[in-house]
Amino acid sequence: MDWHARDTETVYEELDTTAEGLSPEAAAERLERVGPNEITGEQRRGPLRIFLAQFSSALIWVLLLAAVLSFSIGHAVDAILIGVILLANGVFGFVQEYRAEQSLDALRELTTPEVTVRRDGEEERREATELVPGDVVVFSQGDVVPADCRLVEANNLEVDEAALTGESVPVTKRTEPVADDAPLAERESMVYKGTNVTRGRGVAVVVGTGMDTEVGGIAEELSGAETLETPLQRDLNRLGRRLGIGVVVLSAVLVPLLVFVGGRSLVQSALTAVSLAVAAVPEGLPAVVTLTLALGVRRMADENALVRTLPAVEALGAVDVVCTDKTGTLTEGEMRVRAAWVYDRTFDVGEDEDDDAIEDERFDRLLEIGALCNDATTDDGDPTERALVRAANRRFDVDGRREARPRRDEKPFSSERKRMATIHDDQVYVKGAPDEVLSRATRILTEDGTEELTAERRERIRDQIDDFAENALRVLAFAFKERDDDGGPEENLVFVGLQGLIDPPRKEVRDAIEDTQRAGIDVKVITGDHPTTGRAIAAQVGVESDVMTGAEVASMDEDELRERVEEIDVYARAEPSHKVRILKALQANGHRVAMTGDGINDAPALKNADVGISMGVRGTDVAKQASDIVLLDDNYSTIRNAIRRGRTIFDNIWKFVAYLLSANFAEVLVVFVASLFGYLILPAVQLLWINLLTDGLPALALGTDPSGDVMDRSPRERVTGIIDRPMLELIAGAGLTVTVLMLGLMFYVLDGAPAVTPYAMTMVFTGFVLFEFVKLYVVRWTKGTPTLSNVWLEVAVAASLLLQLAVLYTPLRTYFGTVPLGLADWGLLGGVILLGSPVLLFVGWLVKRRETGRRPAKTVQSTEPEPDPGDD
């Protein structure tokens, strides 16, 4: 409701309460009716739910079907191996996601444990959960507002609403109604649940509790947000569905063909079909993807990024827009004095500036007034006053100066007065809004001493105020007078100068944004601050754009907003609903969007984004709960590193998917063609072993391949799945090459035999394994990965070769149906490898040439249904 626009008497009347508060009986009745003042957030996933979620993809179900089929026809070893792989995949994913899910339910922690409430005119402490609409509450500096309240008394009251509105400066509160259409950040007559009182004292009537508060509205929006499928999840599910359909179709065609045309028995035909099913399905793919993502997650944790869900790593590498909050994300989240002015000199002030080099007594006087006409310390108090103390403390000992010039009296700051005065033994110090201080000054401190404040000098001061304001600085003016001067303590002042304050950009942000922009990623700054502040800060970090306000966003229809979001990169006075509208407009245009933020107001957009990134230090727990990735150091450069990591992971996944599927394609073709000639050349256990060797250590080692030029590329197009045209060409070229060579080897060693011999099976079996390791290096070469850049890969290949030798020369050969090979046999296999390697390299060269020339310009995608990558 529009409580902010109603006068206090109307509020009392509509809530059936008075300034004395509710009676205990009335409060109890309302509590029974409306329920406790609690936020009912989204429930956390339990361990069982997290574990079961690891088995939800179509590919996993295809593998489960293959295991059941293997077990049903007596191939228990095959079924057990598939089961072990699936279980390992589930355990790896569960461990990572369960650890990340330890984030607490933050929404409940936003309430204060106790609050001062008036009941029948008596003030008492009560649990915040017991508040009801109509209660009268009292709060002061340091308190957290316990509910949404309409102010009825405000004594120098300022509230930090950054977590809710994005405003970096505490808001001065007053009791007078404001306009009905005032945005959330400008409702000065209201205080909201979860915000912090930084100054003064207030009395207010509770108008909303629990889910009926602004925070509750955000919580409700979060609970209804759809969990988006990441690009990798979509691609793997699509692959699983296609493989499942392919296996069924292949079996439906092959079994009748072998029975009625080939004269094979039904059991033999079924065995062949199961072998083909095993050959077609990359059993290790889910586990390898999970492990590669887990390795990336571990590295990202070392780089201060906590990943809550594994697929979010790769999804971050696919984004083409980053929507970022300003306060605490692009900026430090703390006010700093950035500039100072005395007549007619401007000084740069800050951590990186050498304040000691400034030789001007007026500068010292300016800082002294700011530090002594001040109630804060360096660590406590109003953020603006803390900034003034810190600036002075770099020049002199503020505590010592306060002892030397003790305060004898004061005229406190108020929203009506917009100024503060402190009275010392010999002087009066005044600070406040520039117009207020300037209107009470008659003299000005110049290099030559105190002189008359002429109209020309007043105009020069106003020009300087405007100049500071255009650079997004919050401007305060400072003056003094001798205590025994004529007039009141705030009249006939000597104007000293100005200090300009700002919540400054983080030092590393500009370089990080430049890197992400070079990678083809747009950066959108969305803030609750004033448009001038938003534009200035964005420009300082490298985002140049016109500004659109939240009110303008709300007034546009969807089509108009979709057009405008492509042109505008800075949004000011944005409320939660505006941020979600911007996000959805970008997504409707085909963008993959990462949303960064730290406040309560960021949570809906974080939840709805393709990837939500929250700040771990300054971020509210609500934002962390809604996000996919939490930055442990709040450092924007960590986002850049995470994007690089995500793109590298996608490259590595591409490599081993191409590697695995080309192997499976060759296996299916060899088994299928050989079966037409009456040969079951590779039984299911050997096919599973080939898949295990290729899907296992070597494929996993591919996940540790170093990144190349991933940040110099445009993001991959939305319609391009992981199985793109270059991969299909590689699968087809390499698969056909290996098929032709293995069939040729089979017919050569069989030499017209009517049935497959163990020797022939062993030669083809071993030839397949050797070719896979050759092809592994060809696949890496197509992505520009140096041959010997990954020591783990060399170790993995060596270990896999030893395992293959073990099934040839140890008692394990009994289970695999193999026989030992002699030197002549190895020579024959070496000749086949030498014959096929140039062909594989030629296939790789064709793919690499296409990849090198494929640097798509980033464009807005249409909203037409996405074509399957395999359709082209």
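**Close-up views of one predicted chain**

**View 1**
The model is predicted, so local features need pLDDT of at least 70 and side-chain atom pairs count only at pLDDT 80 or more, while totals for chains, interfaces and linings use all residues. Residues are numbered from 1 along each chain as its sequence is written, and side-chain values use heavy atoms, with hydrogens and water left out. The partner of E567 is R564, and the two side chains form a salt bridge at 2.7 Å, N to O (a side-chain nitrogen of Lys or Arg within 4 Å of a carboxyl oxygen of Asp or Glu). R564 is also partly exposed, at 29% relative accessibility.

**View 1. Salt bridge between E188 and R174.**
The closest N and O atoms of E188 and R174 are 2.4 Å apart, and the pair forms a salt bridge. Both residues lie in the loop between strand 5 (171–172) and strand 6 (190–191), so the bridge ties together parts that are 14 residues apart in sequence. Helices (H or I, at least four residues) and strands (E, at least two) are DSSP runs, numbered from the N terminus. E188 counts as partly exposed with 25% relative accessibility, and R174 counts as partly exposed with 26%.

**View 2. Salt bridge between R645 and E303.**
R645 and E303 form a salt bridge in which the closest N and O atoms are 2.8 Å apart. The pair connects distant parts of the chain, 342 residues apart: R645 is in helix 24, and E303 is in the loop between helix 10 and strand 8 (305–307). R645 is buried, with a relative accessible area of 18%, whereas E303 is partly exposed at 27%.

M300 belongs to helix 10 (residues 285–302). Its relative accessible area is 0%, so M300 is buried. Leaving aside neighbours within four places in sequence, M300 is in contact (heavy atoms within 4.5 Å) with A305, V307, V313, I629, A642 and R645. R645 in this list is the salt-bridge partner of E303. The C-alpha atoms of M300 and L631 are 9.6 Å apart, although the two residues are separated by 331 residues in sequence.

**View 3. Crossing of helix 24 and helix 28.**
Helix 24 (residues 636–676) and helix 28 (residues 758–782) have axes that come within 10 Å and cross at roughly 145°. Axes are lines fitted to C-alpha atoms, for helices over the stretch in contact, and angles run from 0 to 180 degrees between N-to-C directions. On the helix 24 side, the residues that meet helix 28 are W654, K655, A658, Y659, S662, A663, A666, E667 and V670. On the helix 28 side, they are F768, E772, F773, K775, L776, V779, R780 and T782.

**View 4. Surroundings of H424.**
H424 sits in the loop between strand 13 (419–423) and strand 14 (427–432). With 2% relative accessibility, H424 counts as buried. Residues up to four places away in sequence aside, H424 touches L372, R405, P406, R407, R408, Y429 and R483.

**View 5. L803 and its partners.**
L803 is part of helix 29 (residues 791–809). L803 has a relative accessible area of 38% and is therefore partly exposed. When residues up to four places away in sequence are not counted, L803 touches W689 and L693. L693 is 110 residues from L803 along the chain, and their C-alpha atoms are separated by 8.3 Å.

**View 6. Residue V253 in helix 8.**
V253 is located in helix 8 (residues 231–261). V253 is partly exposed, at 47% relative accessibility.

**View 7. A salt-bridge network and the whole chain.**
Salt bridges link E332, E334, R336, R386 and R390 in a network. A search of the whole structure finds 47 salt bridges. The chain contains 31 helices and 24 strands, and 57% of its 872 residues count as buried. Of the contacts between residues at least 6 apart in sequence, 73% join residues at least 24 apart.

Definitions and conventions
Buried means under 20% relative accessible area, exposed over 50%, partly exposed in between (1.4 Å probe, protein chains only).
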